Amino acid sequence: MKKVNLLFFILFLSFCSTSSGSGIASLSDDTTTTLVITEEDYPIVLTKCLNEEKGYNLVTPFDIEDLKTNIGQLSNSKEEELQLGEDVNYCINKYNLWSDSSSSNPEELAKLYDQNLELAKCLREKGINVPDPSQQEPKLDLSGLTKSKDEITPLLKECGYGESEYEK
């Protein structure tokens, strides 16, 4: 009986002892880690990208307003401002920062696209030349307009903006 117990004890020890890794089941040698960046960390990620990948020397900001101030002080000429804009866009796109399309569901984006397509059509009928939104960027781009906000606001209301779920 002692021999049988001893045999079980030796087998037990052999199964429990560590080996060189052979015999361990694994699904894959590759492991993928997905980094989730919270929106409050976006200024830090953007600053790190600009410093490490684009050669800037920005101080780590407290918040987005601090980052805007720091970036605003970097350019002294139009060329520097254009290059800075390209570098900022590179980092924003690389790390998918402030992207509405990644956080919204497709149904909401489709609805927003349809509504803004109608809004663009209405504004053009009222004499405001605005481009149609795209499905990739469903928000209406009013940045290139020459009219003031006070001139455009009544036209937006006439087209139904602000009275429904157009406003976001």
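Buried is used in these legends for residues with under 20% relative accessible area, exposed for those over 50%, and partly exposed for those in between, with a 1.4 Å probe and protein chains only. The model is predicted, so local features need pLDDT of at least 70 and side-chain atom pairs count only at pLDDT 80 or more, whereas totals for chains, interfaces and linings use all residues. Residues are numbered from 1 along each chain as its sequence is written, and side-chain values use heavy atoms, with hydrogens and water left out.

**View 1. The disulfide between cysteine 122 and cysteine 159.** A disulfide, taken here as a pair of cysteine sulfur atoms within 2.5 Å, is formed by cysteine 122 and cysteine 159, whose sulfur atoms lie 2.0 Å apart. The pair links distant parts of the chain, with cysteine 122 in helix α6 and cysteine 159 in the segment after α7 (149-158), 37 residues apart; helices are DSSP runs (H or I, at least four residues), as strands are (E, at least two), numbered from the N terminus. The link is left-handed, with -85 degrees about the S-S bond. Cysteine 122 counts as buried because its relative accessibility is 17%, and cysteine 159 counts as buried because its value is 13%.

**View 2. The disulfide between cysteine 49 and cysteine 91.** This is one of the 2 disulfides that the structure holds, and it joins cysteine 49 to cysteine 91 at an S to S distance of 2.0 Å. Cysteine 49 belongs to helix α2 (residues 42-54) and cysteine 91 to helix α4, so that distant parts of the chain, 42 residues apart, are linked. The torsion about the S-S bond is about -80 degrees, and the disulfide is therefore left-handed. Cysteine 49 is buried, with a relative accessible area of 2%, and cysteine 91 is buried at 0%. Counted along the chain, the bonded cysteines follow the pattern 1-2, 3-4.

**View 3. Aspartate 87 and its contacts.** Aspartate 87 is found in helix α4 (residues 78-94) and counts as buried because its relative accessibility is 6%. Residues up to four places away in sequence not being counted, aspartate 87 touches Leu50, Lys54 and Tyr56, where contact means heavy atoms within 4.5 Å.

**View 4. Helix α6 and the glycine that follows.** Helix α6 (residues 106-125) has 20 residues and reaches 29 Å from its first C-alpha to its last, close to the 28 Å expected at 1.5 Å a residue; the expected span is 1.5 Å times one less than the number of residues. Among the buried residues of α6 are Leu109, Leu112, Tyr113, Gln115 and Asn116. After α6 comes glycine 127, whose phi is positive, near 95 degrees.
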